[in-house]
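Have a look at the picture before reading on.

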Amino acid sequence: QLVYRRLSEVRLRDRQASHDLLAQVSFRYCQKITISREMSRLVGQFKVGRDVEVPVIKQPVELASISKFRDRTCYDRRNLRTYVAPRLPIDLNQGFERFRDRDRSNPYPAPLHTVIEGLRVANNLHELDNADFVSWRGNISKMLLTPWNRQDPWHMEVERVGNTIFLNVKEPPENVLKEANRNARAHRMCFWGFSFEEQCQGNGGTDNNGPIDSVESFCTVVRTVVGRHRLVLGAEMDAKMQVAAGGEQRHRDEGSDKTHHSTTTTEQYVELKTTRLMDNPMQVMRFERDKLVKWWAQSYPVGVLKIIVGFRDDDGFVRKIQALDTASLPRHVAGKKHAWDAKLSLTCLDRMLEWLRRCIWEETSSSSSSATGHDAPSGVTGRASGQQQEGRRFRLEFNPRADANVVKLYEDPSIPRFLPPEVLRQRVRHDGEPEDDPYPTGKESDEAACGGLAEQRDVVDTTARHQAASNVCSDKRTRCGEREIGSLPTSCRGADDYGGTGTGDDESPPAKRRP
């Protein structure tokens, strides 16, 4: 009885101490929330709704090519491979011991410098003047997936230069932490995807081709239109299909493979994917609900028509390969309980871009008026239609676990500069009229096309950006000096025989001028 009484006293004392601590924490938390609200200023909300108004989508046109290597970047097509159907079964484990993965602790995995330099080498830098948005394809895919996203947060950094808005890729801290804590099984499954790409590109294994390196890739820069928005997007392409001779004009220059882009579309490219063979209807449902929508959102914006899927077992052996039409993916789930709607995604993308452009113009325009080559977004008048205020950067973020119906825009002075100085100073003027091209024109040498100025301008120091990314206040919601600009509610939400035996990967980790 004495021991029991002593234990009860200890429990009571600890419980009281816990209550006191909780009260202190709650009081401090309320103070932080109050400060956060005083620092933030909500401009407005844009309700997407459930109505569907599908915007006009145009077939993307290629503007430039990028070949990435671990030690350099070349602005040509030397890293573009042709799809070659491999012989089954495929052992995806081959070469795993020598796999070289990218630095997944880097919150800035895809800087915009390479896209801009690719346009310069291809003599298409004027496309920046006519674009409303410049970004990597991944940011647009995230916007398309927002109505169906319930667990994966995303961030992107925003800056307006003249009439063009640049969207920089930024991984949220929770995503970086998740990648850093990835277990051995997840690391091997990540390698399987790269191994499948390698063996579908005519490289039947890695013994004679060196280690598989996830950094080495081919990217294209395209121009497309979504509704009233002109987009310039960079996108990685896994391979191309065999095309008839004469489809592209090619020439060799000192051993490099360069291509002239004259109204070349992206229909020749294919995406290469792996997924697990399915065993039951639940796996089919998860595959159709979670994976098909991601594949569609990745391929559709840049005009990739085919997705080659390798269906594997748990040991990493591909047993069947099947080609899927990107445009037909929404029909695979149409009418089902877990269906996602491509038209709704496109509507959300169009309205989100319009909302973002209007907010950025309102926040970065001064009271003085100027005659621009582009019209201001609809609904922007007065102060917002004037000249731009320089050096203001914003963060667009979506956290479905906190609020799955709102996309928020913050002004964040702590965001480091992510655009090349040439773009800020010369390429796009505030009055919409491009200045003289600051780059010399003429024949590009292989050295200039391989690295060149981009390697020097890639000096938005990764270490410095790591430090800037980690420079946050103790308040987890708001960084030092930032303020909330606006929020966008995303309340627009709403078995086929894949691979012969059915498929699904329930084991995979969740990965201008106005008309």
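This is a predicted model: local features need pLDDT of at least 70, side-chain atom pairs count only at pLDDT 80 or more; totals for chains, interfaces and linings use all residues.

Rings of Phe, Tyr and Trp (its six-membered ring) pair if their centres lie within 6.5 Å; planes under 30 degrees apart count as stacked, over 60 as edge-to-face and the rest as tilted. Ring pairs of this kind link Phe96, Phe99, Phe191 and Phe194 into a cluster.

Residues are numbered from 1 along each chain as its sequence is written, and side-chain values use heavy atoms, with hydrogens and water left out.

**The ring cluster**

The count of aromatic pairs comes to eight. In one of them, the ring centres of Phe96 and Phe191 are 5.3 Å apart and the planes stand at 65 degrees, so this pair is edge-to-face. Phe96 belongs to the loop between strand S3 (90–91) and helix H2 (113–121), while Phe191 belongs to helix H6 (residues 184–199), so the pair ties together parts that are 95 residues apart in sequence. Helices (H or I, at least four residues) and strands (E, at least two) are DSSP runs, numbered from the N terminus.

Phe99 is also found in the loop between S3 and H2. Its C-alpha atom is separated by 9.3 Å from that of Phe194, 95 residues apart along the chain.

| Residue | Relative accessible area | Class |
|---|---|---|
| Phe96 | 16% | buried |
| Phe99 | 12% | buried |
| Phe191 | 0% | buried |

**Charges over rings**

A charge sits over a ring if NZ of Lys or CZ of Arg is within 6 Å of the ring centre and within 35 degrees of the ring normal. The charged end of Arg160 sits over the ring of Trp361, 4.2 Å from its centre. The charged end of Lys170 sits over the ring of Tyr108, 5.8 Å from its centre.

**The whole chain**

How many helices and strands does the chain have? Its secondary structure comes to 13 helices and 19 strands. Of the 515 residues in the chain, 53% are buried.

Definitions and conventions
Buried means under 20% relative accessible area, exposed over 50%, partly exposed in between (1.4 Å probe, protein chains only).
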